[in-house]
Amino acid sequence: MSHKTPILITGGAGFIGSHVVRLFVNSYPEYHIYNLDALTYAGNLENLIDVENAANYTFIKGDITNESFINNLFEKYKFQKVIHLAAESHVDRSIEDPLAFVRTNVIGTMILLNAFNRLWSSNFNNKLFYHVSTDEVYGTLGEDGLFTETTAYDPNSPYSASKASSDHFVRAYGETYGLPYVITNCSNNYGQNQFPEKLIPLFINNIINKKPLPVYGDGNYTRDWLYVKDHAKAIDLVFHNGKQGDTYNIGGFNEWKNIDLVKLLCKQMDFKLNRKVGDSEQLITYVKDRPGHDLRYAIDASKIKNELGWKPSVTFEEGLDKTIDWYLNNKKWLNNVTSGLYQTYYQKQYS
Ligand code: NAD
C-alpha cells in the first residue's frame, strides 16, 4: 500500500486539467495523482504522454455522473483531496444541448460531493474539495467595473448557469455538512492543448488553413485572458495555501476586445508563417451573434495577488507567442483532434 497522499483530479485529460495534472505529478512526489476522465471529445490522453509512466500517476477512465462507480472509487482509493475540473465547458455547445451541461456540471459535481462527504464526514481534517469554476457565473459587465469575489451571481448561458449551480452546491455542502472546500473563478484561458473550438486555437487552426475567422457580432465583446500555465500555478497555490470555505477570482489583468485580439493574432501568425502583413486579417468574417452573449468580463484578481502572492508570469504577447509556436510544432495533435466528429460539429456551427 502506497504512503503517498491520494489526490483525485477530475477532467485531467482536458485542456486546463492536463496542465494541472502535469504540474502536480512533477512537483509533488509525496502525492499520488489519480486522473479521472471520461475522455469525451474534449479529453485527450496525448496531452499527458510525458507523465503517463510516472510512479505517482494513475489514469482512470470513468464518468463522474456514474454514481455507483464514483462511490466505489472513493471507497477504494480514499482520495483525501479532490481538484474538480471535469465539465462540459463550451458555451456554444451548451446552447445546443443544455441538459448535457446539467448532467455533468451539476449532477456530476453533486455525485462527487456526496461520495467525498460520505467518506470523510466523520473526520474532515486535512481534507479538501477544490472546485474549479469560471468568471462567467457573474454574468456580464458594462463598460466599467470588475468582478470581485462578492459580485452577485447572474449567469446568462446554460454553461454559466450550470457552473453557477455547481458552485452553489459546493458552498452549500460547506455550510450544511461542514465539507472543507475552496472555489476559484477564473477568466478565459488560452495556451497549448486547448481544443480548437475555443477562440484562440480555432483561429490559429483556421489561419494555418486559410479558412474564415468567424467573429461574433461586431467583435466588441471583451474578455480577460490568462495563460493556462499561470492558471495551473494559481490552482497549486490556492490548493496549498487558500483559506478553506473561501473563493478566489483568478484573472490575467489582461482585457481584450475580441476584434483587437484577433487582429493581434493575425499579425503574429503572418509573421510566423512568413505571410504578407495583413494577409490573415482578410480572413475575418463577422457572423451572427451568439444568443445571450455577455458583453464584457473582467476580473479583479487582487485578493489572490495580495493574500497568496500570485500574479501571471507572462504577458499576453509572450503567452500568445508560446501558444502559436506550440500549435505550429504540434500539427499532428491538431490534425488528430480536428478530424472525424470535429468536422461535423464545425459544419453545423459555422456554415
Ligand atoms: P475541457 O473541455 O478542455 O476539459 C474537460 C475535461 O472533462 C475533458 O477531459 C473531458 O473528457 C472531461 N469530462 C467531461 N465530462 C466528463 C464526465 N461526465 N466525467 C468525467 N470527465 C468528464 O475544459 P477546460 O477548458 O480544461 O476546463 C476545465 C474546467 O475549468 C471546467 O470546469 C471549466 O468550467 C473551468 N474553466 C475553464 C476556463 C477556460 O477558459 N477554459 C476558464 C475558467 C474555468
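Three strands form an open sheet in the order S7-S9-S11, with mixed pairing. Strands here are DSSP runs of E, at least two residues; helices are runs of H or I, at least four residues; both are numbered from the N terminus. Two strands pair if DSSP finds at least two bridges between them.

Which strands stand at the edges? S7 and strand S11 (255–257) do, each with a single partner strand, so one side of each has no neighbour in the sheet. From one strand to the next, the twist averages 50 degrees. For angles, axes are lines fitted to C-alpha atoms, for helices over the stretch in contact, and the angle between N-to-C directions runs from 0 to 180 degrees.

Before I go on, a word on the model. It is predicted: local features need pLDDT of at least 70, side-chain atom pairs count only at pLDDT 80 or more, and totals for chains, interfaces and linings use all residues. Residues are numbered from 1 along each chain as its sequence is written.

Back to the strands. Strand S9 (residues 222–227) runs antiparallel to S11, and three bridges join them. Look at Asp-224: its bridge partner in S11 is Glu-255. H7 (residues 228–241) lies across S7 and S9, at about 70 degrees to S9.

Next, the ligand. The shell around the ligand has 31 residues, and Gly-11, Gly-14, Ala-42, Gly-43 and Ala-87 come nearest. A residue counts as near if its C-beta atom, placed from the backbone, lies within 6 Å. Which elements supply at least two shell residues each? Helix H1 (15–27), helix H4 (98–120), strand S5 (128–134) and strand S7 (188–190) do. By class, the shell has 13 nonpolar, 14 polar and four charged residues. Nonpolar means Ala, Val, Leu, Ile, Met, Phe, Trp, Tyr, Cys and Pro; charged means Asp, Glu, Lys and Arg; the others, Gly among them, are polar.

Now zoom out. The protein is divided into domain 1 (5–190 + 225–250) and domain 2 (199–222 + 256–295 + 315–342). Those bounds come from an automatic or database domain assignment. The C-alpha centres of the two domains lie 27 Å apart. Their contact takes 13 residues from domain 1 and 13 residues from domain 2. Contact means C-beta atoms, placed from the backbone, within 7 Å. On the domain 1 side, helix H3 (91–96) and S9 each supply at least two residues. That side has five nonpolar, five polar and three charged residues.

Notes
Contact = placed C-beta atoms within 7 Å.
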